[in-house]
Amino acid sequence: MQTSQVRITVNGCVIDTEPTRSILEAMIDAGETLIDGVGCMGQGVCGSCRVLVRRQGESEVLSALACETRACEGLQVAFLDHLPMHRHHVYAMDDWNGDSWRILERINATFPEAQHCRHCGGCDSACPKHLEVHKGVMLAAAGDLSAADCFDECIMCDLCTIACPELISPNHLGLYVRRLSTAIGFRPADLVLRLHQIERGEMVIDQDVASTQP
Ligand code: SF4
Ligand code: SF4
Ligand code: FES
């Protein structure tokens with residue numbers, strides 16, 4: 001092993017790589033065929049490459065995304081399989097006529113387990129995007145749709161669900177409140193801004209670019 005290289009262990013396999021490489025890049029360099037545990041190939045948006053990591057000399061095991069975590073000497077990595085859902089949440093968005101007086105009732109009926117949050121913060125610690133997951137759960141459990149903002153950048157990696165001792169699925173609760181929020185007319189602020197920019201001619205759409213064609 002060259003001195004500029006580091007040695008990591010991924011699912012029990014030893015890989016020598018450079019410290020500038022992410023765990024996923026190191027696996028590709030080593031000739032691994034990636035058939036699961038990967039999706040967006042390093043953009044950090046699909047949530048597929050969730051792993052547990054332990055750094056050399058540390059006892060704490062942390063959750064992370066393999067595509068956003070750089071290799072370092074002695075890093076131990078274990079990919080997490082997709083787990084079956086604790087429970088399935090079945091709901092329709094069009095059977096309540098947007099009656100905002102029933103938001104709390106709807107959330108309680110669909111995600112009753114959210115009331116059992118023990119405020120342990122496990123979901124916050126697990127989130128590789130550093131979202132305010134616990135705050136989002138608390139707001140949603142109180143019927144406050146501003147909870148949706150807490151999950152704006154959620155990539156549905158399920159790490160918060162795995163971490164929750166009360167079998168709450170914070171990310172699915174977050175998705176639900178985002179849907180409720182939109183169903184009663186709260187449009188995403190960044191989308192509204194973008195549409196205004198297009199209307200004012202500040203964002204020119206080049207119709208000749210292939211990706212803009214239908
Ligand atoms: S809120 Fe949960 S599912 Fe979303 S990014 Fe954070 S840990 Fe992943
Ligand atoms: S991990 Fe579960 S119980 Fe703990 S704060 Fe998050 S939602 Fe609540
Ligand atoms: S490969 Fe998509 S988040 Fe890592």
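How much area is buried between domain 1 and domain 2, and what share of it do carbon and sulfur atoms give? The buried area is about 670 Å², and carbon and sulfur atoms give 53% of it. Arg50, Ser63 and Leu65 supply 58% of the area that domain 1 buries against domain 2, more than any other three residues. Buried area here is the accessible area (1.4 Å probe) that two parts lose on being put together, summed over both. The size of an interface is often given in this way, as the accessible area lost when the parts come together.

This is a predicted model, in which local features need pLDDT of at least 70, side-chain atom pairs count only at pLDDT 80 or more, and totals for chains, interfaces and linings use all residues. Residues are numbered from 1 along each chain as its sequence is written, chains are lettered from A and ligands numbered from 1 in the order in which they are written, and side-chain values use heavy atoms, with hydrogens and water left out.

**The two domains**

Domain 1 covers 6–79 and domain 2 covers 93–184. These bounds come from an automatic or database domain assignment. The C-alpha centres of the two domains lie 29 Å apart. Contact (heavy atoms within 4.5 Å) involves 9 residues of domain 1 and 9 residues of domain 2.

Between the domains there are 2 salt bridges. A salt bridge is a side-chain nitrogen of Lys or Arg within 4 Å of a carboxyl oxygen of Asp or Glu. Arg50 and Asp158 meet in a salt bridge through their side chains, at 3.8 Å from N to O. On the side of domain 1 that touches domain 2, strand β4 (residues 62–65) gives the most, with 3 residues. Strands are DSSP runs (E, at least two residues) and helices are DSSP runs too (H or I, at least four), numbered from the N terminus.

**Salt bridges**

The structure holds 9 salt bridges.

Salt bridges that share partners join Arg21, Glu25 and Asp29 into one network.

Arg118 is partly exposed because its relative accessible area is 48%. Glu166 is partly exposed too, at 25%.

Key
Buried < 20%, exposed > 50% of the residue type's maximum accessible area, 1.4 Å probe, protein only.
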